[in-house]
Amino acid sequence: MTKLSKSNLETKTPKLDSIYTKYFDQELSNLIKRAKFKSDKCGIETMSKLTPEILKALANGEICAVRIKGFCDPSLAKRATDKIVQYGHFRNWKLNVKGAGEVRTDTDYGIGLPSPSDSPGPALDKKLDIYWKRAIPDIRKIRSMFSPDLSPFDRLRLELDEVWSGGAMLEEFPNGKKAFAGLVRLIRPETLYKGAAGKWGIAHVDDQSTGTKNFWSANIYLRTPREGGELNIWNIKMGEKSANNPLYHLICSRLAFNPEVQEVIHSRLFKPISVKPESGDLIILDVARPHAVAGFRKGLRIALQSFIRHGPSGELRLSS
Ligand SMILES: O=C(O)CCC(=O)C(=O)O
Ligand SMILES: [Fe+2]
(Lines give C-alpha, C1' and ligand atoms only; values in the text may rest on other atoms or scores of the structure.)
(Ligands and ions follow the chains in the order given, each with its own letter.)
Protein backbone atom coordinates (compact mmCIF):
# COMPACT_ATOMS: atom_id res chain seq x y z
CA MET A 1 0.00 0.00 0.00
CA THR A 2 1.32 3.47 -0.82
CA LYS A 3 1.90 5.56 2.21
CA LEU A 4 0.12 8.88 1.94
CA SER A 5 2.41 11.72 2.80
CA LYS A 6 0.95 15.13 3.61
CA SER A 7 1.96 16.51 0.21
CA ASN A 8 0.31 13.84 -1.93
CA LEU A 9 -2.76 14.00 0.31
CA GLU A 10 -3.02 17.65 -0.55
CA THR A 11 -2.88 17.06 -4.29
CA LYS A 12 -5.40 14.21 -4.05
CA THR A 13 -7.94 16.19 -1.98
CA PRO A 14 -7.57 19.81 -3.01
CA LYS A 15 -8.57 22.11 -0.23
CA LEU A 16 -11.94 23.71 -0.73
CA ASP A 17 -10.57 27.13 0.15
CA SER A 18 -8.06 27.05 -2.66
CA ILE A 19 -10.84 26.04 -5.09
CA TYR A 20 -12.93 29.00 -3.93
CA THR A 21 -10.05 31.42 -4.53
CA LYS A 22 -9.23 29.85 -7.89
CA TYR A 23 -12.75 30.23 -9.32
CA PHE A 24 -14.61 32.93 -7.40
CA ASP A 25 -13.92 36.38 -6.01
CA GLN A 26 -14.32 37.00 -2.29
CA GLU A 27 -17.87 38.28 -2.58
CA LEU A 28 -19.14 35.33 -4.62
CA SER A 29 -17.27 32.90 -2.38
CA ASN A 30 -19.06 34.30 0.66
CA LEU A 31 -22.43 34.14 -1.09
CA ILE A 32 -21.89 30.50 -2.09
CA LYS A 33 -20.66 29.58 1.39
CA ARG A 34 -23.80 31.09 2.94
CA ALA A 35 -26.26 29.78 0.31
CA LYS A 36 -28.73 27.20 1.57
CA PHE A 37 -31.43 25.11 -0.05
CA LYS A 38 -34.60 23.80 1.52
CA SER A 39 -35.93 20.41 0.50
CA ASP A 40 -39.61 20.30 -0.51
CA LYS A 41 -39.68 16.57 0.32
CA CYS A 42 -40.90 15.64 -3.17
CA GLY A 43 -40.13 12.09 -4.14
CA ILE A 44 -39.66 9.73 -7.06
CA GLU A 45 -42.83 7.83 -7.89
CA THR A 46 -42.67 4.28 -9.26
CA MET A 47 -45.55 3.24 -11.52
CA SER A 48 -46.35 0.33 -13.81
CA LYS A 49 -47.46 2.61 -16.66
CA LEU A 50 -47.54 6.24 -17.77
CA THR A 51 -50.73 8.06 -16.82
CA PRO A 52 -51.97 11.61 -17.38
CA GLU A 53 -52.16 12.08 -13.58
CA ILE A 54 -48.53 11.20 -12.90
CA LEU A 55 -47.27 13.51 -15.65
CA LYS A 56 -49.47 16.29 -14.27
CA ALA A 57 -47.95 15.67 -10.83
CA LEU A 58 -44.50 16.08 -12.39
CA ALA A 59 -45.62 19.26 -14.19
CA ASN A 60 -47.05 20.66 -10.94
CA GLY A 61 -43.82 20.00 -9.04
CA GLU A 62 -45.50 17.46 -6.74
CA ILE A 63 -42.92 14.79 -7.60
CA CYS A 64 -39.30 15.02 -8.81
CA ALA A 65 -39.42 12.09 -11.19
CA VAL A 66 -41.50 9.13 -12.28
CA ARG A 67 -40.07 5.68 -12.88
CA ILE A 68 -41.92 3.14 -15.02
CA LYS A 69 -40.52 -0.24 -14.12
CA GLY A 70 -39.89 -2.59 -17.01
CA PHE A 71 -41.00 -0.11 -19.67
CA CYS A 72 -38.86 -2.12 -22.08
CA ASP A 73 -38.54 -5.87 -21.82
CA PRO A 74 -35.02 -6.47 -20.33
CA SER A 75 -34.23 -9.21 -22.85
CA LEU A 76 -35.10 -6.85 -25.73
CA ALA A 77 -32.97 -4.16 -24.06
CA LYS A 78 -30.08 -6.62 -23.89
CA ARG A 79 -30.36 -7.72 -27.52
CA ALA A 80 -30.51 -4.13 -28.76
CA THR A 81 -27.67 -3.00 -26.49
CA ASP A 82 -25.35 -5.67 -27.87
CA LYS A 83 -26.04 -4.33 -31.39
CA ILE A 84 -25.74 -0.69 -30.31
CA VAL A 85 -22.39 -1.25 -28.58
CA GLN A 86 -21.08 -3.01 -31.70
CA TYR A 87 -22.39 -0.38 -34.08
CA GLY A 88 -21.99 2.90 -32.19
CA HIS A 89 -18.91 5.04 -32.62
CA PHE A 90 -18.93 6.45 -29.12
CA ARG A 91 -17.48 9.87 -28.48
CA ASN A 92 -17.24 12.00 -25.37
CA TRP A 93 -19.95 14.59 -24.98
CA LYS A 94 -18.05 17.87 -24.67
CA LEU A 95 -19.34 21.22 -23.52
CA ASN A 96 -18.08 24.68 -24.33
CA VAL A 97 -17.17 26.42 -21.11
CA LYS A 98 -16.40 30.12 -21.14
CA GLY A 99 -12.70 30.61 -20.43
CA ALA A 100 -11.93 26.88 -20.45
CA GLY A 101 -12.86 25.91 -24.02
CA GLU A 102 -14.26 22.45 -24.54
CA VAL A 103 -14.48 20.36 -21.37
CA ARG A 104 -15.18 16.66 -21.29
CA THR A 105 -18.14 15.22 -19.40
CA ASP A 106 -18.59 11.76 -17.88
CA THR A 107 -20.85 10.73 -20.77
CA ASP A 108 -20.16 9.34 -24.23
CA TYR A 109 -22.76 9.27 -26.98
CA GLY A 110 -23.06 6.82 -29.82
CA ILE A 111 -25.89 6.81 -32.30
CA GLY A 112 -27.35 10.29 -32.77
CA LEU A 113 -26.06 13.76 -31.99
CA PRO A 114 -26.87 16.01 -29.05
CA SER A 115 -28.25 19.36 -30.20
CA PRO A 116 -25.36 21.77 -30.62
CA SER A 117 -25.08 24.35 -27.87
CA ASP A 118 -22.49 26.75 -29.31
CA SER A 119 -23.22 30.46 -29.38
CA PRO A 120 -24.59 31.82 -32.69
CA GLY A 121 -22.04 31.99 -35.51
CA PRO A 122 -20.69 30.02 -38.49
CA ALA A 123 -19.52 27.11 -36.28
CA LEU A 124 -23.05 26.65 -34.90
CA ASP A 125 -24.58 26.91 -38.41
CA LYS A 126 -22.28 24.17 -39.65
CA LYS A 127 -23.10 21.90 -36.70
CA LEU A 128 -26.83 22.52 -37.11
CA ASP A 129 -26.69 21.51 -40.78
CA ILE A 130 -25.10 18.19 -39.87
CA TYR A 131 -27.53 17.74 -36.95
CA TRP A 132 -30.59 18.27 -39.19
CA LYS A 133 -29.25 16.02 -41.93
CA ARG A 134 -28.63 13.19 -39.50
CA ALA A 135 -31.69 13.55 -37.25
CA ILE A 136 -34.20 11.31 -39.03
CA PRO A 137 -31.71 8.69 -40.36
CA ASP A 138 -30.34 8.33 -36.80
CA ILE A 139 -33.86 7.97 -35.33
CA ARG A 140 -34.45 5.19 -37.87
CA LYS A 141 -31.08 3.61 -37.11
CA ILE A 142 -32.01 3.32 -33.43
CA ARG A 143 -35.42 1.91 -34.44
CA SER A 144 -33.62 -0.75 -36.49
CA MET A 145 -31.61 -1.86 -33.43
CA PHE A 146 -34.86 -3.12 -31.86
CA SER A 147 -36.38 -4.52 -35.04
CA PRO A 148 -38.62 -6.50 -35.46
CA ASP A 149 -39.81 -5.31 -32.01
CA LEU A 150 -41.08 -1.84 -31.25
CA SER A 151 -38.28 0.46 -30.08
CA PRO A 152 -38.99 1.57 -26.49
CA PHE A 153 -38.18 5.11 -27.53
CA ASP A 154 -40.87 5.04 -30.24
CA ARG A 155 -43.22 3.56 -27.65
CA LEU A 156 -42.44 6.47 -25.34
CA ARG A 157 -43.33 8.97 -28.07
CA LEU A 158 -46.60 7.14 -28.75
CA GLU A 159 -47.58 6.82 -25.10
CA LEU A 160 -46.77 10.44 -24.29
CA ASP A 161 -48.98 11.42 -27.22
CA GLU A 162 -51.73 9.15 -25.91
CA VAL A 163 -51.71 10.29 -22.30
CA TRP A 164 -50.79 13.97 -22.51
CA SER A 165 -53.49 16.44 -23.44
CA GLY A 166 -51.76 18.52 -26.12
CA GLY A 167 -49.94 15.45 -27.46
CA ALA A 168 -46.25 14.77 -28.04
CA MET A 169 -44.03 15.34 -31.07
CA LEU A 170 -40.43 15.71 -32.15
CA GLU A 171 -39.18 19.24 -31.54
CA GLU A 172 -39.44 21.29 -34.72
CA PHE A 173 -37.13 24.18 -35.58
CA PRO A 174 -38.49 27.45 -37.07
CA ASN A 175 -37.21 26.30 -40.50
CA GLY A 176 -39.41 23.18 -40.26
CA LYS A 177 -36.52 20.79 -39.59
CA LYS A 178 -37.14 18.06 -37.01
CA ALA A 179 -34.94 17.45 -34.01
CA PHE A 180 -33.19 14.20 -33.21
CA ALA A 181 -34.47 12.45 -30.07
CA GLY A 182 -33.40 9.25 -28.33
CA LEU A 183 -29.65 9.73 -27.99
CA VAL A 184 -27.65 6.67 -26.93
CA ARG A 185 -25.73 7.78 -23.84
CA LEU A 186 -23.01 5.67 -22.30
CA ILE A 187 -21.16 6.08 -19.00
CA ARG A 188 -18.14 3.95 -18.17
CA PRO A 189 -16.09 3.86 -14.93
CA GLU A 190 -13.14 5.24 -16.93
CA THR A 191 -15.01 8.39 -17.99
CA LEU A 192 -16.15 9.35 -14.47
CA TYR A 193 -14.70 12.49 -12.92
CA LYS A 194 -12.41 12.10 -9.92
CA GLY A 195 -13.45 13.17 -6.42
CA ALA A 196 -16.97 14.05 -5.28
CA ALA A 197 -18.36 14.21 -8.83
CA GLY A 198 -17.09 10.69 -9.49
CA LYS A 199 -18.81 9.43 -6.35
CA TRP A 200 -22.07 11.37 -6.23
CA GLY A 201 -22.14 12.38 -9.88
CA ILE A 202 -21.87 15.69 -11.70
CA ALA A 203 -24.61 17.73 -10.02
CA HIS A 204 -26.17 19.84 -12.77
CA VAL A 205 -29.38 21.16 -14.24
CA ASP A 206 -29.94 20.93 -17.98
CA ASP A 207 -31.07 24.44 -18.77
CA GLN A 208 -28.85 27.36 -18.05
CA SER A 209 -31.78 29.75 -17.72
CA THR A 210 -32.42 29.36 -14.01
CA GLY A 211 -35.82 28.24 -12.84
CA THR A 212 -37.23 27.02 -16.18
CA LYS A 213 -40.57 25.36 -15.60
CA ASN A 214 -41.49 22.07 -17.13
CA PHE A 215 -38.27 20.99 -18.69
CA TRP A 216 -37.95 17.23 -18.38
CA SER A 217 -35.58 14.51 -19.43
CA ALA A 218 -36.60 10.95 -20.27
CA ASN A 219 -34.15 8.07 -19.99
CA ILE A 220 -34.85 4.50 -21.00
CA TYR A 221 -32.12 2.39 -19.39
CA LEU A 222 -30.77 -0.39 -21.57
CA ARG A 223 -27.90 -1.54 -19.38
CA THR A 224 -27.04 -0.56 -15.81
CA PRO A 225 -24.18 -1.50 -13.49
CA ARG A 226 -24.93 -4.00 -10.76
CA GLU A 227 -23.65 -1.61 -8.09
CA GLY A 228 -23.78 2.18 -8.24
CA GLY A 229 -24.98 4.29 -11.15
CA GLU A 230 -27.96 5.64 -9.17
CA LEU A 231 -29.75 8.73 -10.34
CA ASN A 232 -29.42 11.27 -7.53
CA ILE A 233 -31.88 14.16 -7.36
CA TRP A 234 -31.80 17.10 -4.96
CA ASN A 235 -35.43 17.89 -4.23
CA ILE A 236 -34.76 21.55 -3.55
CA LYS A 237 -37.75 23.78 -3.08
CA MET A 238 -38.12 25.46 -6.45
CA GLY A 239 -39.29 29.01 -6.94
CA GLU A 240 -38.06 32.56 -6.83
CA LYS A 241 -35.78 31.86 -3.86
CA SER A 242 -33.97 28.97 -5.54
CA ALA A 243 -33.75 30.88 -8.85
CA ASN A 244 -31.94 33.71 -7.03
CA ASN A 245 -29.71 31.40 -5.03
CA PRO A 246 -26.01 31.85 -6.02
CA LEU A 247 -25.39 28.13 -5.49
CA TYR A 248 -28.24 27.28 -7.86
CA HIS A 249 -26.75 29.70 -10.41
CA LEU A 250 -23.43 27.90 -10.08
CA ILE A 251 -25.09 24.49 -10.61
CA CYS A 252 -26.89 25.87 -13.68
CA SER A 253 -23.68 27.25 -15.17
CA ARG A 254 -21.28 25.39 -17.42
CA LEU A 255 -18.66 25.83 -14.71
CA ALA A 256 -20.52 23.03 -12.91
CA PHE A 257 -18.80 20.64 -15.33
CA ASN A 258 -15.46 21.41 -13.73
CA PRO A 259 -14.47 18.62 -11.29
CA GLU A 260 -13.00 21.09 -8.79
CA VAL A 261 -16.15 23.23 -8.82
CA GLN A 262 -18.13 20.05 -8.15
CA GLU A 263 -16.21 19.72 -4.85
CA VAL A 264 -17.66 23.07 -3.81
CA ILE A 265 -21.16 22.18 -5.05
CA HIS A 266 -21.24 18.82 -3.24
CA SER A 267 -19.92 20.37 -0.03
CA ARG A 268 -22.93 22.72 -0.05
CA LEU A 269 -25.73 20.31 -1.08
CA PHE A 270 -27.80 18.17 1.27
CA LYS A 271 -28.23 14.40 0.84
CA PRO A 272 -30.05 13.64 -2.43
CA ILE A 273 -32.95 11.30 -3.02
CA SER A 274 -31.80 8.39 -5.07
CA VAL A 275 -33.15 5.79 -7.45
CA LYS A 276 -31.30 2.86 -8.93
CA PRO A 277 -32.48 2.30 -12.48
CA GLU A 278 -32.60 -1.25 -13.80
CA SER A 279 -32.35 -2.37 -17.37
CA GLY A 280 -35.70 -1.69 -19.11
CA ASP A 281 -36.83 1.09 -16.73
CA LEU A 282 -37.99 4.49 -17.94
CA ILE A 283 -37.43 7.55 -15.77
CA ILE A 284 -38.80 10.99 -16.57
CA LEU A 285 -37.34 13.68 -14.34
CA ASP A 286 -37.66 17.38 -13.91
CA VAL A 287 -34.22 18.61 -14.96
CA ALA A 288 -34.55 22.03 -13.35
CA ARG A 289 -33.79 20.25 -10.09
CA PRO A 290 -30.10 19.47 -9.58
CA HIS A 291 -29.39 15.84 -10.43
CA ALA A 292 -26.42 13.57 -11.08
CA VAL A 293 -25.49 10.03 -12.03
CA ALA A 294 -23.58 8.35 -9.18
CA GLY A 295 -20.31 6.61 -9.94
CA PHE A 296 -19.70 2.88 -10.26
CA ARG A 297 -16.65 0.67 -10.53
CA LYS A 298 -17.73 -2.04 -12.94
CA GLY A 299 -20.05 -2.39 -15.90
CA LEU A 300 -21.67 0.02 -18.34
CA ARG A 301 -24.59 2.38 -18.00
CA ILE A 302 -26.43 2.88 -21.28
CA ALA A 303 -29.65 4.80 -21.83
CA LEU A 304 -31.73 6.27 -24.63
CA GLN A 305 -32.27 9.90 -23.66
CA SER A 306 -34.42 12.82 -24.74
CA PHE A 307 -35.33 16.16 -23.26
CA ILE A 308 -38.99 17.06 -23.18
CA ARG A 309 -40.06 20.69 -23.36
CA HIS A 310 -43.57 22.00 -23.03
CA GLY A 311 -44.53 23.83 -26.21
CA PRO A 312 -46.70 26.95 -26.55
CA SER A 313 -49.93 24.99 -27.10
CA GLY A 314 -49.27 22.60 -24.23
CA GLU A 315 -47.70 19.93 -26.45
CA LEU A 316 -44.62 17.94 -25.40
CA ARG A 317 -41.62 18.48 -27.67
CA LEU A 318 -38.84 15.89 -27.72
CA SER A 319 -35.20 16.53 -28.61
CA SER A 320 -31.85 15.19 -27.39
O1 LIG B 1 -28.85 9.01 -16.85
C2 LIG B 1 -29.59 9.47 -15.99
O3 LIG B 1 -30.10 8.75 -15.12
C4 LIG B 1 -29.94 10.95 -16.00
C5 LIG B 1 -29.01 11.72 -16.87
C6 LIG B 1 -29.30 13.19 -16.94
O7 LIG B 1 -28.56 13.97 -16.39
C8 LIG B 1 -30.45 13.67 -17.70
O9 LIG B 1 -31.18 12.87 -18.28
O10 LIG B 1 -30.64 14.91 -17.74
FE1 LIG C 1 -29.23 16.01 -16.74
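## The nonpolar core

A nonpolar core is a set of buried Ala, Val, Leu, Ile, Met, Phe, Trp, Tyr and Cys residues joined through C-beta atoms within 7 Å; buried means that 20 or more other C-beta atoms, placed from the backbone, lie within 10 Å of a residue's own. This is a predicted model, where local features need pLDDT of at least 70, side-chain atom pairs count only at pLDDT 80 or more, and totals for chains, interfaces and linings use all residues. Residues are numbered from 1 along each chain as its sequence is written, while chains are lettered from A and ligands numbered from 1 in the order in which they are written.

The largest nonpolar core holds 76 residues, and Val184, Ile220, Ile251, Ala256 and Ile284 touch the most other members. Helix α6 (residues 122-146) gives the most to this core, with six residues; helices here are DSSP runs (H or I, at least four residues), as are strands (E, at least two), numbered from the N terminus.

Take a look at Ala256: leaving out residues up to four places away in sequence, Ala256 touches Ile202, Ala203, His204, Leu250, Ile251, Val261, Gln262 and Ile265. Touching means C-beta atoms, placed from the backbone, within 7 Å.

## The shell around ligand 1

Around ligand 1 you will find Asp206, Ser217, Asn219, Leu231, Val287, His291, Val293, Ala303 and Gln305, counting a residue if its C-beta atom, placed from the backbone, lies within 6 Å. Strands β7 (215-223), β11 (291-293) and β12 (301-310) each supply at least two residues of this shell.

Terms used
Buried ≥ 20, exposed ≤ 12 C-beta atoms within 10 Å, placed from the backbone. Contact = placed C-beta atoms within 7 Å.
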